[in-house]
Amino acid sequence: MIELVDVTKVYPNDVVALKNVNLKIDRGEFVFVVGPSGAGKSTLVRLLYREEVATRGQVIVHGKNVARLRRSSIPLLRRTIGVIFQDFKLLPDRNALDNVAFALEVTEASRREIRRRVPAVLDLVGLKDRARAFPHELSGGEQQRLAIARAIINGPSILVADEPTGNLDPDTSWGIMNLLQTLNRNGATVIMATHAKAIVNAMKKRVVAMDHGRIIRDQVQGVYAHEVN
Amino acid sequence: MKSTSLVFGVKQTARSLRQNALMSLASVLTVALSLLVAGLFGLITANLGHIARLAEQQVEVTVFVHDTLPVEAVRTVESQLKALPGVTQVTFVSKDEALARLKAVFANDKDLLAEVEQQNPLYRSFEVRTARPEQIKPTAEAAGKMTGVVKVNYKQEVIEKLFRVTRAIRVSGLAIMVALALAMVMIISNTIRITVFARRREIAIMKLVGATDGFIRWPFVCEGVFLGVVGAGFTSLALWSSYSWAWSGVQRGMPFIPLLPKQPLLLDLTVLILGAGALIGAIGSALSLRRFLRV
């Protein structure tokens, strides 16, 4: 489903974010990418939906090298990948309903489809009663749920989360993790870059640990760091 | 284009025009004024060209023949003239007829008329017309070489001067129009850039959730085209009323100046100006978006 082959990423300011990274993720997996700040976690997930392009090596998603995609095919790739951010990236001048509908409008879905699917997804993330609320009227956890609703509205097979609990308190974070786990059980491949030691250790999922742009550990049912064991 | 994106685009356009009212008004006025200058140049060159062409069509070569030339030889000259390439009409003017024309022009000058009536000094002549204006000169040159021809007259120089002036105005007008078009594109692009900048977050998110460039570009292009067309609308109104006013003024005061009739000139010009406004608006907004679409 996802494969990185000998990927190196050098930013224009000569910062080497990834060095010869090899990684394979199968359909339906739940993978944590952990490591200190600057280890290359965010760069790794950004390569998947082609916000960044690898300097060397191949990033293969759905069997295609994303660097080779035609410009017109990039939107189609992104519709199959739901992305969730630490800062939610919601539109402040639209209410919850419109924030989610937005991601459907972009795909030129019909208005009937939008009216049908948006409330269903809001229900799924537990925001049924907050549909008319604007982002600033929502709590952090609710905002992240809304962002997840937007990420899954197009029915993506891959969910990419970059520090999704970074701005949330522990209780709220668990709510988000339960939601991600539910989506994973329903078939979505989840790749989550995170600092949240407690969550990683408790969930016993595959852990890819990074440092200085290299993968230093790849462990099934892993933990955040060896010392914890 | 599906109806969702159409509705989406129109909503976005209305929203940003409202939020950006002052800048939008400024660009509409700039576009209107620039197009007005362009339109006035267009009207002036169209009319000068028209006048020059009319004058040119009236140009003919007058070929005078010797008084001593026998009638048969005059006939030969006539048939030779008719045989020249491009010649459409050859009219013989006798000495009497030439005199009659002179009398008509100088009806008040009794002394002169009395003198010429005693002994008609006027030559017999042929008035030669050609199919195309540029055939005048070779026709005149050929006629000059024929036996029995005294003199050949044609007023090509005046016409050529008129054409040169028209051409100069057209060229300088075109240069000014190109400069103005660039200015208009920049102004509109700048106005749209403000909108784009205010919504760069939204654009980045749209790209992340899989919007195509076309889908993102479309509302902004709408906005640019709207600004351009509204400006062009004002210009058309101004040109329409000012040309009508000038036209009736000339008709009343200087009816001998053959101005182009109002229609279809104004209608054509309006279509052209509205099209230019739309095009300039579209180019301006597309330019301002290019940088922001690279996500």
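**Figure 1. The second largest cavity of the predicted model has a volume of about 50 Å³.** The model shown in this and the following figures is predicted. Residues lining the second largest cavity include Leu47(A), Arg50(A), Glu52(A), Val53(A) and Ala54(A). Gly57(A), Gln58(A) and Val59(A) also belong to this lining, as do Asn65(A), Val66(A) and Ala67(A). Strand 4 of chain A, residues 56-61, gives the most to the lining of the second largest cavity, with three residues. Sorted by class, the lining holds six nonpolar, three polar and two charged residues.

**Figure 2. The largest cavity has a volume of about 130 Å³.** A search of the whole structure finds two cavities of 30 Å³ or more. The largest cavity is lined by 14 residues, and the closest to its centre are Ile81(A), Val83(A), Ala151(A), Leu208(B) and Val209(B). Four elements each supply at least two residues of this lining: helix 2 (74-79), strand 6 (81-85) and helix 5 (140-152) of chain A, and helix 8 of chain B. Strand 6 of chain A makes the largest share of the lining, four residues. In the lining of the largest cavity, eight residues are nonpolar, two are polar and four are charged.

**Figure 3. Chain B and chain A are in contact through 23 residues from chain B and 23 residues from chain A.** About 2200 Å² is buried between chain B and chain A, with 55% of it on carbon and sulfur atoms. Five residue pairs are in polar contact between chain B and chain A, counting pairs with both residues at pLDDT 80 or more. On the side of chain B that touches chain A, at least two residues each come from helix 1 (3-19), helix 8 (200-208) and helix 9 (213-253) of chain B. Helix 1 of chain B gives the largest share of that side, eight residues. By class, the side of chain B that touches chain A has 10 nonpolar, six polar and seven charged residues.

**Figure 4. A salt bridge joins the side chains of Asp213(B) and Arg71(A).** The N to O distance in the salt bridge between Asp213(B) and Arg71(A) is 2.7 Å. The count of salt bridges between chain B and chain A is two.

**Figure 5. The second largest pocket has a volume of about 400 Å³.** Of the 16 residues that line the second largest pocket, Asp98(A), Ala101(A), Glu105(A), Ile114(A) and Lys11(B) lie nearest its centre. Helix 3 (96-105) and helix 4 (111-124) of chain A, together with helix 1 of chain B, are the elements that give two or more residues to this lining. Helix 1 of chain B gives the most to the lining of the second largest pocket, with six residues. The lining of this pocket divides into seven nonpolar, two polar and seven charged residues.

**Figure 6. The largest pocket has a volume of about 560 Å³.** The lining of the largest pocket has 22 residues, of which Glu60(B), Thr62(B), Arg101(B), Glu127(B) and Lys155(B) are the closest to its centre. Two or more residues of the lining come from each of strand 1 (61-65), helix 4 (95-105), strand 3 (124-130) and helix 7 (156-198) of chain B. Helix 4 of chain B gives the most to the lining of the largest pocket, with four residues. The class counts for the lining of the largest pocket are 13 nonpolar, four polar and five charged residues.

**Figure 7. The peptide bond that joins Gln263(B) and Pro264(B) is cis.** Omega for the bond between Gln263(B) and Pro264(B) is about 5°. Pro264(B) lies in helix 10 of chain B, residues 262-290. Most peptide bonds are trans.

**Figure 8. Asp14(A) has a positive phi although it is not a glycine.** The phi of Asp14(A) is about 70°. Asp14(A) sits in the loop between strand 1 (2-10) and strand 2 (16-25) of chain A. Most residues other than glycine have a negative phi.

Note on methods:
Residues numbered from 1 in each chain as written. Chains lettered and ligands numbered in written order. Heavy atoms only, no water. Contact = heavy atoms within 4.5 Å. Buried area = accessible area lost by both parts, 1.4 Å probe. Salt bridge = Lys/Arg side-chain N within 4 Å of Asp/Glu carboxyl O. Polar contact = N/O pair within 3.5 Å; in protein donor to acceptor, adjacent residues only side chain to side chain. Nonpolar A, V, L, I, M, F, W, Y, C, P; charged D, E, K, R; others polar. 1 Å grid on protein atoms, 1.4 Å probe; cavity = no way out; pocket = protein on both sides within 12 Å on 5 of 7 lines; lining within 4 Å. Points joined across faces, edges and corners; volume = space filled by probe spheres on them.
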